[in-house]
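Here is a short note for a colleague meeting this structure for the first time. Please keep the sequence and the 3D view open while reading.

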Amino acid sequence: MVFSSAVFVFGFMPLLLFLYFLAEPKYRNYILLIFSLIFYGWGGVNYLLLMLAVVMSDYVFAIAIAQIKTQKIRKLFVVFSVVVNLGVLGYYKYTNFFIENINHNVRYHMPAFSGYNCTIQEKTFCRTIVTVSNGHIKI
């Protein structure tokens, strides 16, 4: 689904906004989560499990960071969470690039893997983890 498609503009987004503002504030994040998964699953469910795994790992990191009292350990968890997110991003975004360059330069033909661009999600997850670590969000 593309942001400029008729399905998104006249179906998906109005339904999302209607349900979001109709729901009680404590359920709004769940509605956004469900619609996000529907949106990303619309293009293909191949990476939906990956998306769920990254979301769950960030949720676990956020809970751990919120419960840790020591600032040094809290920062360590933040760094680890960012490394995990950037590792997933780097693997799925740049693996194909490196394999193509190696194939081109070495003349050894390996099958190229398809990359997955989840830059916006990764930035959002990292920002959420940092916000939780600073104490701005209570879990």
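What does the accessible surface of the chain come to, and what percentage of this surface belongs to carbon and sulfur atoms?

1. **Surface and burial.** The accessible surface is about 9900 Å². Carbon and sulfur atoms supply 70% of this area. The chain has 139 residues, and 27% of them are buried. Keep in mind that this is a predicted model.

2. **Overall make-up.** There are five helices and zero strands. Take the contacts with a separation of 6 or more: 52% of them join residues 24 or more positions apart.

3. **Confidence.** The mean pLDDT of the chain is 80. A value of 70 or more is reached by 73% of the residues. Helix 1 has the highest mean among the elements, at 93. Helix 5, residues 119–133, has the lowest, at 61. Please look with care at residues 108–118, where pLDDT stays under 50. For this stretch the model has 23 contacts beyond four places in sequence.

4. **Aromatic pairs.** The count of aromatic pairs comes to ten. One of them joins Phe-8 and Phe-39, whose ring centres are 5.9 Å apart. Their planes meet at 65 degrees; edge-to-face requires over 60, so this pair qualifies. Phe-8 belongs to helix 1 (residues 6–22) and Phe-39 to helix 2 (residues 28–42), so the pair ties together parts 31 residues apart in sequence. Are these two residues buried or exposed? Phe-8 is buried, at 11% relative accessibility. Phe-39 is buried too, with a relative accessible area of 13%.

5. **A pair of sequence neighbours.** Now turn to Phe-97 and Phe-98. Their ring centres lie 5.3 Å apart, with planes at 65 degrees, so this pair is also edge-to-face. Phe-97 is partly exposed, at 45% relative accessible area. Phe-98 is partly exposed as well, at 48%.

6. **The aromatic cluster.** Which residues form one aromatic cluster? The members are Phe-8, Phe-12, Phe-35, Phe-39 and Tyr-40. Phe-8 is in helix 1 and Phe-39 is in helix 2.

7. **Around Leu-19.** Leu-19 lies in helix 1. Its relative accessible area is 29%; buried means under 20% and exposed over 50%, so Leu-19 is partly exposed. Which residues does Leu-19 contact, leaving aside neighbours within four places in sequence? They are Ile-31 and Phe-35. Phe-35 is also a member of the aromatic cluster. The C-alpha atoms of Leu-19 and Ile-31 are separated by 7.4 Å. Along the chain, these two residues are twelve residues apart.

8. **A charge over a ring.** Arg-28 lies over the face of Tyr-20. The distance to the ring centre is 5.0 Å.

9. **Helix 3.** This helix covers residues 48–67, which makes 20 residues. From first C-alpha to last it reaches 29 Å. That is close to the 28 Å expected at 1.5 Å a residue. Its buried residues are Leu-50, Met-51, Val-54, Val-55, Asp-58, Phe-61, Ala-62, Ala-64 and Ile-65. An α-helix has 3.6 residues a turn, so residues three or four places apart point the same way. Leu-50, Val-54, Asp-58 and Phe-61 are among the buried residues to look at with that in mind.

Notes: Residues numbered from 1 in each chain as written. Predicted model: local features only at pLDDT ≥ 70, side-chain atom pairs only at ≥ 80, totals over all residues. Heavy atoms only, no water. Helix = DSSP H or I, 4+ residues; strand = E, 2+ residues; numbered from the N terminus. Buried < 20%, exposed > 50% of the residue type's maximum accessible area, 1.4 Å probe, protein only. Contact = heavy atoms within 4.5 Å. Areas by Shrake-Rupley, 256 points an atom, 1.4 Å probe, with all protein chains shown as cover. Phe/Tyr/Trp six-rings, centres within 6.5 Å; stacked < 30°, edge-to-face > 60°. Lys NZ or Arg CZ within 6 Å of the ring centre and 35° of its normal. pLDDT = per-residue confidence, 0-100. Expected span 1.5 Å × (residues − 1).
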